[in-house]
Number of protein chains: 2
Amino acid sequence: MQPTRLSILGVGLLGGSIGLACRAGTKPFHIMGYGHRRASLDKAREFSAIDEAYDDPAAAVRESDFVILCTPVGQFLPILRQIAPALKPGALVTDVGSTKRSVVRAAAELLPPTVHFVGSHPIAGSEKRGVEFARADLFDKALCIITPTPHTNPEALDQVESFWKTLGMRLTRLTPEEHDRFLADVSHLPHAVAAALIGMQSDAALALAGKGFLDATRIAGGDGGLWRDIFHDNADNLRDSIKRLRDQLDRLDRLLDPKQGRELSTWLDQTAARRELLLRQKLGEVTPD
Amino acid sequence: MQPTRLSILGVGLLGGSIGLACRAGTKPFHIMGYGHRRASLDKAREFSAIDEAYDDPAAAVRESDFVILCTPVGQFLPILRQIAPALKPGALVTDVGSTKRSVVRAAAELLPPTVHFVGSHPIAGSEKRGVEFARADLFDKALCIITPTPHTNPEALDQVESFWKTLGMRLTRLTPEEHDRFLADVSHLPHAVAAALIGMQSDAALALAGKGFLDATRIAGGDGGLWRDIFHDNADNLRDSIKRLRDQLDRLDRLLDPKQGRELSTWLDQTAARRELLLRQKLGEVTPD
C-alpha cells in the first residue's frame, strides 16, 4: 500500500497531534512538516509526528497528496499564496482553523483550479501550545465541522471527511457563514469573556479565587497572537455575540430586583438544567433530538 | 477529653463535609444535625456526618458549644431568630455563607449578648448538592475568609479560626464589606456570566460546544435557589461588578478594530499571564507578594 504523502503546515499542538494520530492508525503516511521555528520542527521529528522537516511551506507541499494548514489563522493567507504554485494537480488542501469564511474565500481565490480545498474545524485542542503537548488521541470522538460550499468538489469533500473519520472524529457540515456565527457564540465569546473576567479583577479579589474561577477562565490561558487572529477574523460575529451577552446581563440586572426572586431562581435553574443536558449529551448518555 | 458539642444547621454538601472532616480529626465531637428534609438527615447519619438528627434548629442547638449555619444564605435570618432563645450562654456561632454583610448584621441584632458570632466563608464546594457528595477533605488546604468586626469577641475569633485550621484550612481576615465586594468580582459575577453564556446560546451553537465551553460554564451548574439568595443579598456589589465587566467588553470591542492588532494580542497575553501566575500561586509553586 502506497503511503499517503501528507503535509502538515504548522507543527504545534494540533499539527503534531495529527501526525501522531496518523501514525497510530493502520494506513501508511509519509509526513512532511513545515514550521518557522527550527526547535518545533526538531521536536516534531523527535516525537515522530513528522518524517521530513521544512522551513519553506512551498517545499513542504511539492510532493504532497494532502495538505493541512495548522498554523494560526492569521498566517493562512500568506501560506496559501506561497504553496499555490507548488501544489501538485489533484492535491487536496484542508485546514484546522477556528474561523472558516476567510480561509474558504482565500483558497477559492488563490489556489489553482486543479487543486481542491475543503474547510475543516476539528473541535479539539487545549490552552497549551506546542508539539510537546501533542497527543495521538486528541481528536478521538471529538466533533469536526466541515464547511463545504456549492463549489466544493464532492470527491474532495468525501476524502477530507474520510481522513478525519480515520482519526476517530464525528462529523457535521455547516456553511462557512453558519460556522463563524455559531463559533463566535460558543467559543470566541467565552474566550473573550474569560479574558475580561481576569482583566477586571483587583489583586485583592484575585487572591480569593477558588477552583470555580480557575475553571471558568481556563480557556483564557491560550496564546494572545493566535486568539487575536481569530477575534479579528470573526470580529463582526463576535461583536454581535457580545451584544447578545450584554442583553442577558441586562436581564440579570433586572432580576436582581428583590421582587424578581422567583424569576431569578427560575432563570438560574433553567441555565443549570441546560448545561446538565449538554454535559450528558457530550458524555454520550443522551442522543440530541 | 470531653467531646465538643457541635451543631451543623443544614446537612448538605458543606455541612456534611464539616461533619466528616471533624470525624477524620483527632479531637472528639458530638454532632447535632438540623435539616428540613428527613431524607438528608437520614443520609447524614448513615454517613456518620452527624450523631443526632433534628428537624427543629432550636432543638439542635440547645446543648451546643459551637453552631455552624450551613443552609442557603436566604435561610440565615429565620434560623438565627429560631435559635437565639435556645442557645447556651457562651455558645459560639459561625456560618459558611457566600455573603457576609447580612449575616454579620443579623447575628449582631438577633443573638443574645451572651453568645458570640464570627462570620466565616470557607472557599470550598462544588456545583453538586447534597450530603451524598460530602467529603472529609473538602476543606483541606482551601482558604477560609473570616470577617470579624470591631465588636467581635477576640477569644471567639480565635476559637473559630482554630476550628477551621483543624479542618486543614488556610485563613485570611476581611471586613464583611470587603468580603462581599471581592467575592462579587471573583465568584458571584463569574457565576452570573456563566449562566448568561448558556442563556444566550442557540441550540445549533450549543451542539458545537467543546470542552472549553463546558469548563467555562461549570459553575453555572449550581442550585438556582441557593444562588438567587446570594445574588439578591449581594445585588449592589454584583451590579457594580457587572458594570466593570461591561467596561472590559467595551474595551475589547474597541480592540476588535483591525488597527488595534498589537493592543489586542497584548491584552490577551497579559490576561493569560495573569491567570497562569494565579494558577501557580494556587498550586503553591509561587508565594504571592
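Analyst: Begin with strand pairing: two strands pair if DSSP finds at least two bridges between them. This is a predicted model. In chain B, strand E2 (residues 29-34) is joined to E3(B) by 3 bridges, and the two run parallel. Within that pair, Gly33(B) stands opposite Ala53(B) of E3(B).

User: How many bridges join strand E1 of chain A to strand E2 of chain A?

Analyst: There are 6 bridges between strand E1 (residues 4-9) and strand E2 (residues 29-34) of chain A, which run parallel. There, Arg5(A) stands opposite His30(A) in E2(A).

User: In what order do the strands of the open sheet in chain B come?

Analyst: The order is E3-E2-E1-E4-E5-E6 in chain B, with 6 strands and parallel pairing. Strand E3 (52-54) and strand E6 (116-117) of chain B have a single partner strand each, so they stand at the edges and one side of each lacks a neighbour in the sheet. Helix H6 (residues 154-166) of chain B packs on this sheet, where it touches strand E4 (66-69), strand E5 (92-95) and E6 of chain B. The direction of H6 makes about 55° with that of E5(B).

User: Now helix packing. At what angle do the axes of H7(B) and H11(B) cross?

Analyst: Angles of 65 to 115 degrees count as roughly perpendicular. The axes of H7(B) and H11(B) come within 9 Å and cross at roughly 65°, which makes H7(B) roughly perpendicular to H11(B). Their crossing is right-handed. From H7(B), the residues in the contact include Ala184(B), His188(B) and Leu189(B); from H11(B), they include Leu238(B), Ile242(B) and Leu245(B). By class, this contact has 7 nonpolar, 3 polar and 3 charged residues.

User: Is the crossing of H7(A) and H11(A) left-handed or right-handed?

Analyst: The crossing of H7(A) and H11(A) is right-handed. Helix H7 (residues 176-199) and helix H11 (residues 235-255) of chain A have axes that come within 9 Å and cross at roughly 65°, so H7(A) is roughly perpendicular to H11(A). Among the residues that meet are Asp180(A), Arg181(A) and Asp185(A) in H7(A), with Asn237(A) and Ser241(A) in H11(A). The classes in this contact are 7 nonpolar, 3 polar and 3 charged residues.

User: And the interface: how many residues of chain B are in contact with chain A?

Analyst: The size of an interface is often given as the accessible area lost when the parts come together. Counted by contacts here, 71 residues of chain B meet 71 residues of chain A. Elements giving two or more residues to the side of chain B that touches chain A include strand E8 (143-147), helix H7 (176-199), helix H10 (224-233) and helix H12 (261-282) of chain B. That side has 42 nonpolar, 16 polar and 13 charged residues.

User: What rotation superposes chain B on chain A?

Analyst: A rotation of 180°, with 0.0 Å of shift along its axis, superposes chain B on chain A with an RMSD of 0.0 Å. The two copies are therefore related as by a two-fold rotation axis. Ala216(B) is the residue of chain B that comes closest to this axis, at 1.9 Å (C-alpha). The copies meet through the same surface, because 100% of the interface residues of chain B are also interface residues in chain A.

Methods: Residues are numbered from 1 along each chain as its sequence is written. Chains are lettered from A and ligands numbered from 1 in the order in which they are written. This is a predicted model: local features need pLDDT of at least 70, side-chain atom pairs count only at pLDDT 80 or more; totals for chains, interfaces and linings use all residues. Two residues are in contact if their C-beta atoms, placed from the backbone, lie within 7 Å. Helices (H or I, at least four residues) and strands (E, at least two) are DSSP runs, numbered from the N terminus. Ala, Val, Leu, Ile, Met, Phe, Trp, Tyr, Cys and Pro count as nonpolar, Asp, Glu, Lys and Arg as charged, and the others, Gly among them, as polar. Copies are superposed by least squares on the C-alpha atoms of residues with pLDDT of at least 70 in both. Axes are lines fitted to C-alpha atoms, for helices over the stretch in contact, and angles run from 0 to 180 degrees between N-to-C directions. Angles under 35 degrees count as roughly parallel, over 145 as roughly antiparallel, 65 to 115 as roughly perpendicular and the rest as oblique. A crossing is left-handed if the near helix is turned anticlockwise from the far one by less than a right angle, and right-handed if clockwise.
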